[in-house]
Amino acid sequence: VRFRGGAKEYVSEHTLDGKVVGLLFGANGPFCAGFVRNFAKVYKAVKREESDPFEVVYVSADKSRREFDRFVKGMPWLALPFRDNSLLFERFGVPNDVRTWPKLVILSPSNEVVFEDAVPVAKKCVQEKKPEAFGSVLASAWTQGKSF
């Protein structure tokens, strides 16, 4: 699901084929909201065209559809529809604990985890006012299929 101009737009699962994917785990709350605002700058710096080989997908732990809807409207990336995503949290080793969020898992085009959590790197890129530097993380994910 993607929100454009406040309206939902459903996209094919094939949208992610051949791309480096960032799974953004979190929920509508102060820790995640601040990160999302800043990470949107990074995302826009490294994904300038729709065809760029990178995409982010928000994986929600929101407790209500209302929380979810309010949160995803400000995201320039994709989001899984509102539902129980606890199995995805478990699969990628993300604790179901608000104190551990947000967590940004980077997957190679072959769906291998190459970064278990790129949040610290993204934050550093924002702090140093070099959002485009995050592109080097993506480049390494593109060329390597192994965990760091």
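**Entry 1: a starting pair.** I began with Val21, which stands opposite Leu107 in strand E6, bearing in mind throughout that this is a predicted model. The two strands concerned, E3 and E6, run antiparallel and are joined by 5 bridges.

**Entry 2: the whole sheet.** In what order do the strands of the open sheet lie? I read the order as E5-E4-E3-E6-E7, an open sheet of 5 strands with mixed pairing. Strand E5 (78-79) and E7 stand at the edges and have a single partner strand each, so one side of each is left without a neighbour in the sheet. I also noted that helix H2, residues 65-72, packs on the sheet, where it touches E4 and E5, and that its direction makes about 155° with that of E4.

**Entry 3: burial of E3 and E4.** I checked E3 residue by residue: 7 of its 7 residues are buried, so the strand is largely enclosed by the rest of the structure. Val20, Gly22, Leu24 and Gly26 point one way from E3, whereas Val21, Leu23 and Phe25 point the other way, and all are buried. E4 gave a count of 7 buried residues out of 7, so it too is largely enclosed by the rest of the structure. Both of its faces are covered, with Phe54, Val56, Tyr58 and Ser60 buried on one side and Glu55, Val57 and Val59 buried on the other.

**Entry 4: helix H5.** Which residues of helix H5 (residues 134-143) are buried? I listed Phe134, Val137, Leu138, Ser140 and Ala141. These residues cover an arc of only 160° around the axis, which puts them on the same side of H5. As a reminder to myself, an α-helix has 3.6 residues a turn, so residues three or four places apart point the same way. On the other side of H5, I found Ser136 and Thr143 exposed.

**Entry 5: salt bridges.** How many salt bridges does the count come to? The count comes to 2. In one of them Glu55 is paired with Lys47, the closest N and O atoms being 3.6 Å apart, and I found both Glu55 and Lys47 buried. In the other, Glu128 is paired with Lys124, and the closest N and O atoms are 3.0 Å apart. Glu128 counts as partly exposed because its relative accessibility is 41%, and Lys124 likewise counts as partly exposed, at 47% relative accessibility.

**Entry 6: a buried lysine without a salt bridge.** I looked separately at Lys103, which lies in strand E6. Lys103 is buried yet has no salt bridge, and the nearest side chain of opposite charge, that of Asp117, is 5.2 Å away; the salt-bridge rule requires the nitrogen and the carboxyl oxygen to be within 4 Å. Leaving aside its neighbours within four places in sequence, I found Lys103 in contact with Leu23, Leu24, Phe25, Gly93, Val94, Glu116, Asp117 and Val119.

**Entry 7: backbone.** Most residues other than glycine have a negative phi, and most peptide bonds are trans; I therefore set down the exceptions I looked up. A cis peptide bond joins Trp101 and Pro102, with omega about -5°, and Pro102 lies in the loop between helix H3 (86-91) and E6. Asn111, in the loop between E6 and E7, has a positive phi near 65° although it is a residue other than glycine, and with a relative accessible area of 55% Asn111 is exposed. Lys129, found in the loop between H4 and H5, also has a positive phi, of about 55°, and is not a glycine; at 70% relative accessibility I recorded Lys129 as exposed.

Methods:
Residues numbered from 1 in each chain as written. Predicted model: local features only at pLDDT ≥ 70, side-chain atom pairs only at ≥ 80, totals over all residues. Heavy atoms only, no water. Buried < 20%, exposed > 50% of the residue type's maximum accessible area, 1.4 Å probe, protein only. Helix = DSSP H or I, 4+ residues; strand = E, 2+ residues; numbered from the N terminus. Arc of directions from axis to C-beta. Lys, Arg positive; Asp, Glu negative; His and termini not counted. Contact = heavy atoms within 4.5 Å. Pairing = 2+ DSSP bridges. Axes fitted to C-alpha atoms, helices over the stretch in contact; angles between N-to-C directions.
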